[in-house]
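Here is a brief report on one model. Read it alongside the sequence and the coordinates.

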Amino acid sequence: MTLILTFISSFLTAFGFAFIYDAPRRLFVPAGLCGGLGYIVFYITNHTFQIDSIYASLCGSFILGLMSHIMARVCKAPVIIFMVPGIIPLVPGSIFFKGAQKLLTLDFNEANDIFVRATLIAGAIAVGLLFSNQIAKSYIKKPTAMFKKNINKSH
């Protein structure tokens, strides 16, 4: 049940940010699915497999990036429309907030540790998207390229 509620809440978050970023209406649900799937991968790797949140963020953003490229091909839309709303559930905003609280209470050592962790998570998200982008460019073909390949085989 927790997995379903987690997926629904992350789907709604990505869906809402697709609305806020003024994406076309037909792309709200696919953008929500990308965000929901990316976060559910993060959740499963972090909570079920007990993998650190830095590596779980890497896994979640990697899957998010692959799904964004697939949805972009299927929906014939730019990849960024799916990536930006999908990243939102993964962003370590609450961790940065805790770091700012520690900084304001003059607990500099704890604030430093929290800010370094949040920065590592943000970097892992960026690296996951970078890896997925390179793999998608290498292996996910454009629908028109696949169609042309099939036509050439039939002649």
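Where is Met 1 found? Met 1 sits in the segment before helix 1 (2–20); helices are DSSP runs of H or I, at least four residues, numbered from the N terminus.

## Basis

This is a predicted model: local features need pLDDT of at least 70, side-chain atom pairs count only at pLDDT 80 or more, and totals for chains, interfaces and linings use all residues. Residues are numbered from 1 along each chain as its sequence is written, and side-chain values use heavy atoms, with hydrogens and water left out.

Met 1 counts as exposed, at 71% relative accessibility (exposed is over 50%, buried under 20%, partly exposed in between; 1.4 Å probe, protein chains only).

## Salt bridge

The count is one salt bridge (a side-chain nitrogen of Lys or Arg within 4 Å of a carboxyl oxygen of Asp or Glu). Arg 117 pairs with Asp 52, with the closest N and O atoms 2.5 Å apart. Arg 117 lies in helix 6 (residues 108–139) and Asp 52 in the loop between helix 2 (28–48) and helix 3, so the pair ties together parts 65 residues apart in sequence. Arg 117 is partly exposed at 30%. Asp 52 is partly exposed at 32%.

Key. Helices (H or I, at least four residues) and strands (E, at least two) are DSSP runs, numbered from the N terminus.
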